[in-house]
Amino acid sequence: MEDAVTQTQPAASGVEGGSVTLDCAYETDARYYSLYWYKQHGAEKLVFLLWEYSDGLKKNEAGERCSVDVKKSKSSISLRITGVELRDSATYFCAFNRD
């Protein structure tokens, strides 16, 4: 099986103070893998937000307003942003890495 990532909505849009969820699906037959979320404002550099390893290890550089929900049974990872602020308006990218 070839690894694949499918992201349905790359841009976050929501009501200020509300919440927004971005979804990403992945396909793999790997036992160990990493899932990532990044954001980008215009032509600026990508900014690392979150990382989760297949065994449950996590790293969150985005702060408490951002969290991920990984559903292995559905091969999906969702990024949830709460307390939406104007600076959250960006393009978001999910990524996959086989280990």
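Me: In which strand is the place of S34?
Reply: S34 sits in strand β3, residues 33-40. Keep in mind that this is a predicted model.

Me: Why is S34 called buried?
Reply: Its relative accessible area is 3%. Buried means under 20%, so S34 counts as buried.

Me: What makes the link between S34 and W51 a polar contact?
Reply: The two side chains come to 3.3 Å. The limit for such a pair of N or O atoms is 3.5 Å. So S34 and W51 make a polar contact. Leaving aside neighbours within four places in sequence, S34 is in contact with several residues, among them Y53, F96 and D99.

Me: Why is the pair of Y32 and Y53 called stacked?
Reply: The ring centres are 6.3 Å apart, and the planes stand at 5°. Rings pair if their centres lie within 6.5 Å, and planes under 30 degrees apart count as stacked. Therefore Y32 and Y53 are a stacked pair.

Me: What parts does the pair of Y32 and Y53 tie together?
Reply: Y32 lies in the loop between β2 and β3, while Y53 lies in strand β4, residues 47-53. These parts are 21 residues apart in sequence.

Me: Why is Y32 partly exposed, and why is Y53 buried?
Reply: Y32 has 37% relative accessibility. Y53 has a relative accessible area of 18%. Under 20% means buried, so Y53 is buried.

Me: What makes the pair of Y26 and Y33 tilted?
Reply: The angle between the planes is 50°, with 5.4 Å centre to centre. Stacked needs under 30 degrees and edge-to-face over 60; the rest count as tilted. So Y26 and Y33 are a tilted pair. Both Y26 and Y33 are buried. Together with F96, they form one aromatic cluster. How many aromatic pairs does the whole structure hold? The search finds seven.

Me: Why is S78 buried, and which side chain makes a polar contact with it?
Reply: S78 is in strand β7. At 13% relative accessibility, S78 is under the 20% cut-off, so it counts as buried. The side chain of S78 makes its polar contact with the side chain of D23, at 2.7 Å.

Me: Which strands does the open sheet hold, and in what order?
Reply: Four strands, in the order β1-β2-β7-β6, with antiparallel pairing. Why do β1 and β6 stand at the edges? Each has a single partner strand, so one side of each is left without a neighbour in the sheet. From one strand to the next, the twist averages 20°.

Me: How do you know that β2 and β7 pair?
Reply: Seven bridges join β2 (residues 19-27) and β7 (residues 76-82) in the antiparallel sense. Pairing takes at least two bridges, so β2 and β7 pair. In β7, R80 is the bridge partner of T21.

Me: What makes R65 and E85 a salt bridge?
Reply: Their side chains meet at 3.9 Å, N to O. The cut-off is 4 Å, so this is a salt bridge. R65 lies in the loop between β5 and β6, and E85 in the loop between β7 and β8, so the pair ties together parts 20 residues apart in sequence. R65 and E85 also belong to a network of salt bridges with R87 and D88.

Me: Why is D69 with K71 called a salt bridge?
Reply: The closest N and O atoms are 3.0 Å apart. That is within 4 Å, so D69 and K71 form a salt bridge.

Technical notes:
Residues numbered from 1 in each chain as written. Predicted model: local features only at pLDDT ≥ 70, side-chain atom pairs only at ≥ 80, totals over all residues. Heavy atoms only, no water. Helix = DSSP H or I, 4+ residues; strand = E, 2+ residues; numbered from the N terminus. Axes fitted to C-alpha atoms, helices over the stretch in contact; angles between N-to-C directions. Buried < 20%, exposed > 50% of the residue type's maximum accessible area, 1.4 Å probe, protein only. Polar contact = N/O pair within 3.5 Å; in protein donor to acceptor, adjacent residues only side chain to side chain. Contact = heavy atoms within 4.5 Å. Phe/Tyr/Trp six-rings, centres within 6.5 Å; stacked < 30°, edge-to-face > 60°.
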